[in-house]
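The sequence and structure come first.

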Amino acid sequence: MNDTVISAKNLSLTFETNDGPVHALKDINLDINKGDFVSFIGPSGCGKTTFLRCMADLEQPTAGEISVNGVSPTEARKSRAYGYVFQHAGLYPWRTIGGNIRLPLEIMGIGRAEQDKSVQEVLELVHLEGFENKFPWQLSGGMQQRASIARALAFQADILLMDEPFGALDEIVRDHLNEQLLELWARTNKTIGFVTHSIPEAVYLSTKIVVMSPRPGRIHDVIESTLPKERPLDIRDSPEFIEIAHRVRDGLRAGHGDD
Amino acid sequence: MRNIGPILTVVAAIFVLWYAGAVALNASWAYDKAKRANVEITFSEMVADTMNQKKPKLPAPHQVGREIWKTTGEMVVKGRAFSKRSLIYHSWITLSATLLGFAMGTALGVSLSVGIVYNRTMDMSVMPWVIASQTIPILAIAPMIIVVLNAIGISGLLPKAVISMYLSFFPVVVGMVKGLRSPDHMMVDQMKTWSAGKGQEFWKLRLPSSMPFLFPSLKVAMAASLVGAIVGELPTGAVAGLGARLLAGSYYGQTIQIWSALITAAALAAALVAIIGVIQKVVLKRMGMA
């Protein structure tokens with residue numbers, strides 16, 4: 001059985017701007033397997049978000065191929081193959097937390113009873129039980145982002161794409177959410193693509209770390225993590241963790257050599 | 001209750017200025033009358049006279065108040081609330097045209113804004129026309145509308161409502177285009193990741209997002225609508241309505257009648273705008289946005 005979920009071959013994306021072409025992605029080759037937790041790390045402008053958006057059919061590559069679940073990103077999007085979490089929670093202020101999680105389900109035409117069941121399930125997954133009838137402004141930033149993750153999980157997509165979901169949160173909340181995300185990943189066995197610019201976050205979460213470099217955006221290094229699947233927060237003090245972090249940092253520095 | 005102090009202060013200031021203005025503007029007529037009668041009048045006699053002239057340049061507030069009471073409350077007491085001499089009757093005539101024009105203007109404004117937001121051709125072409133339409137003085141175009149519609153057999157309420165619509169659709173278009181475009185890129189992308197259709201995007205994202213923009217536009221539109229209805233009543237020959245009262249008043253120099261119609265129109269506008277304010281509060285509160 002072929003368990004490659006996302007596959008990019010010679011993928012390139014060039015934006016035509018008034019100042020000439022910008023090579024956001026150049027010759028990207030990458031396979032993501034089922035159940036992988038893949039982090040994309042790199043300085044701004046390295047194309048990590050653009051790559052994620054290509055997987056989600058939010059950007060169209062100008063050359064090369066990309067497949068999601070064996071089909072094109074457009075088909076994958078239409079068959080609701082992935083949940084996407086943006087940097088900001090983007091909850092609708094006029095809907096309660098429950099109403100927000102229900103939103104994609106309503107759009108997909110899922111019945112009311114089924115909706116209620118899914119909402120309860122995912123609220124429990126992100127530890128927000130009892131907040132169903134609260135409005136977004138009544139929740140802290142971290143809780144809002146958890147609600148946003150719950151919404152991306154609500155329609156049972158096997159792939160979860162996350163674009164710097166914790167970027168706007170403080171360190172303590174971030175640690176906490178990282179821990180919870182790992183727990184969630186272990187329970188649901190989803191394939192996760194995760195964009196970040198924090199080295200500890202990337203190393204702590206991932207089975208595979210993709211280090212990218214800018215101008216043109218390309219993959220500099222792919223690091224398979226040797227850390228065990230079970231990861232308490234203090235694993236970050238282990239020599240193994242520090243070694244991987246070191247390799248990531250070296251990769252980032254080398255990719256940035258020209259400026 | 002904290003607001004009541006400042007409000008009363010402003011109202012009191014307006015009354016003081018109004019009375020002072022009445023004395024200043026009506027004084028010459030009081031002196032003229034005295035001169036013709038060959039009597040000397042003192043300052044306090046002059047002031048007393050300016051308060052109670054039959055055709056003052058600026059009627060005093062109590063004269064306007066008395067006139068409004070005579071043409072509203074008293075008519076109700078006499079059971080003739082809808083007689084042609086009653087301001088209630090005339091207000092109703094104007095109000096009905098205002099409300100119909102407001103409804104038509106809101107519908108037109110919302111439809112145009114949806115077209116502008118969803119259709120590129122309309123986006124490029126409609127807005128300049130919308131703006132141009134508002135640069136034409138309504139006083140110039142109102143008689144044309146009345147005449148043209150009359151020529152095809154439409155008269156009465158509808159031509160006035162059309163003029164109201166002409167004025168009131170504008171703020172709705174401007175506000176709703178802004179409102180329907182208020183969701184950021186991320187929220188639109190989010191809809192796309194759920195494979196939402198255009199209709200779902202409209203009903204679930206764009207329309208709710210536009211609510212905070214809709215109500216302020218509606219308030220402006222309502223006020224404009226009332227102006228439109230009054231202007232629409234002028235070229236029809238002053239048959240009925242607050243506009244007719246204004247016109248008739250000016251024909252016969254009945255300043256008290258003019259001012260009471262003006263004040264009634266202002267009160268009507270204030271009440272209508274206040275009603276929209278209440279609806280706004282309730283809707284936004286229920287949406288968790290206020």
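## Chain contact and sheet

In this predicted model, the contact draws 16 residues from chain A and 15 residues from chain B. On the side of chain A that touches chain B, α2 (73-78) and α3 (97-107) of chain A each supply at least two residues. The most comes from α3(A), which gives 3 residues to that side. By residue class, the side of chain A that touches chain B divides as follows.

| Class | Residues on the side of chain A that touches chain B |
|---|---|
| Nonpolar | 11 residues |
| Polar | 2 residues |

For the complex, the predictor gives an ipTM of 0.87 and a pTM of 0.84. Chain B has a mean pLDDT of 90, and 98% of its residues reach 70 or more.

Chain A also holds an open sheet of 3 strands, in the order β2-β1-β4, with antiparallel pairing. The edges of the sheet are β2 (20-33) and β4 (63-68) of chain A; each has a single partner strand, so one side of each is left without a neighbour in the sheet. From one strand to the next, the twist averages 20°.

In general, strands of a sheet pair through backbone hydrogen bonds, in either a parallel or an antiparallel arrangement. Here, strand β1 (residues 4-17) of chain A pairs with β4(A) in the antiparallel sense over 5 bridges. Within this part of the sheet, A:Ile6 stands opposite A:Val68 in β4(A).

Terms used:
Residues numbered from 1 in each chain as written. Chains lettered and ligands numbered in written order. Predicted model: local features only at pLDDT ≥ 70, side-chain atom pairs only at ≥ 80, totals over all residues. Pairing = 2+ DSSP bridges. Helix = DSSP H or I, 4+ residues; strand = E, 2+ residues; numbered from the N terminus. Axes fitted to C-alpha atoms, helices over the stretch in contact; angles between N-to-C directions. Contact = placed C-beta atoms within 7 Å. Nonpolar A, V, L, I, M, F, W, Y, C, P; charged D, E, K, R; others polar. pLDDT = per-residue confidence, 0-100.
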